[in-house]
There are 2 protein chains.
Amino acid sequence: MALKLRKKVPPPPGCPMSACMSLLGGAWTPEIIWNLSEGARRFSELRRAMPRISAKVLSVRLKDLEERGVLVRSVLATTPPSVDYALTDLGEELIPAIRAIVEVGSKLYLRMRAPTDRAA
Amino acid sequence: MALKLRKKVPPPPGCPMSACMSLLGGAWTPEIIWNLSEGARRFSELRRAMPRISAKVLSVRLKDLEERGVLVRSVLATTPPSVDYALTDLGEELIPAIRAIVEVGSKLYLRMRAPTDRAA
DNA sequence: CAGCATCCTTGAGGATACTG
DNA sequence: CAGTATCCTCAAGGATGCTG
């Protein structure tokens, strides 16, 4: 297995927030979903889209996301085996959340490197 | 210092998403912001709201969030020193994102314990 | 009350190599 | 192509104790 929760159970167990963060909290996870939001992708396509992710991690993430019903894995029984991953209905529902994260992230990002004087 | 990014720089540097996830990704961070969303809170109030968080972690998180402009720290120079934390404008902007996370998290949570097949 | 210093554990995530 | 197996690193986060 790969991951369930971040570590033990930091936030209160039974908290939906933890459930989601344990999902989105994983490194690369938002990126993966984001890439999938533009349409189904194959393993190598994802790797090319995210050159810095290792095969193992991508594999683990993908499997985890599949088990959670966020995406579906379709094996195309072609001569060179190809597999593509696509968001499920549930996966699609994550998009708005990720979008929100990206948007707020942009603001954070700007503040981080913009000399916006400290006002407190 | 406490934390900048999850570890090295998993997702592509310069990505707003990473900026946000490095913030929300920290254990307890969403919880903290969530609690603050209901109004300013003092250190001990936050601790009581989240009994399982250690003082250190709360402290680290709070300082980090302050440095990032997500919240402001106000020291009340009373006899028993009291400090309260309140979300900044930027912090407030995180609420929708967290709300989205919570909502999707609920769905995930339901699916986690009520998969297609249900036993017991 | 608020919060910092210290030490330790843990496991996520990366690198590398091998396989069907 | 699409993984899986193995090993290793490292820093996030928890526990404890002390201070202003």
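## A tour through chains A and B

Begin by selecting helix H2 (residues 29-36) and helix H4 (residues 55-67) of chain B, whose axes come within 11 Å and cross at roughly 70°; axes here are lines fitted to C-alpha atoms, for helices over the stretch in contact, and angles run from 0 to 180 degrees between N-to-C directions. H2(B) and H4(B) are therefore roughly perpendicular to each other, a label given to angles of 65 to 115 degrees. Show the side chains of Thr29(B), Ile32(B) and Ile33(B) on H2(B), and of Leu58(B), Arg61(B), Leu62(B) and Leu65(B) on H4(B), which make the contact, where contact means heavy atoms within 4.5 Å.

The model is predicted, so local features need pLDDT of at least 70 and side-chain atom pairs count only at pLDDT 80 or more, while totals for chains, interfaces and linings use all residues. Residues are numbered from 1 along each chain as its sequence is written, chains are lettered from A and ligands numbered from 1 in the order in which they are written, and side-chain values use heavy atoms, with hydrogens and water left out. Helices (H or I, at least four residues) and strands (E, at least two) are DSSP runs, numbered from the N terminus.

Helix H1 (residues 16-24) of chain A is the next selection: 8 of its 9 residues are buried, so H1(A) is largely enclosed by the rest of the structure. Buried means under 20% relative accessible area, exposed over 50%, and partly exposed in between (1.4 Å probe, protein chains only).

Finish with salt bridges, each a side-chain nitrogen of Lys or Arg within 4 Å of a carboxyl oxygen of Asp or Glu. Select Asp64(A) and Arg68(A), whose closest N and O atoms are 3.1 Å apart; Asp64(A) is buried at a relative accessible area of 5%, and Arg68(A) is buried at 11%. Then select Lys107(A) and Glu93(B), which meet in a salt bridge at 2.5 Å, N to O, and this pair crosses between chains, from helix H5 of chain A to helix H5 (residues 89-113) of chain B. Lys107(A) is partly exposed at 39%, and Glu93(B) is partly exposed at 21%.

Notes: Parallel < 35°, antiparallel > 145°, perpendicular 65-115°, else oblique.
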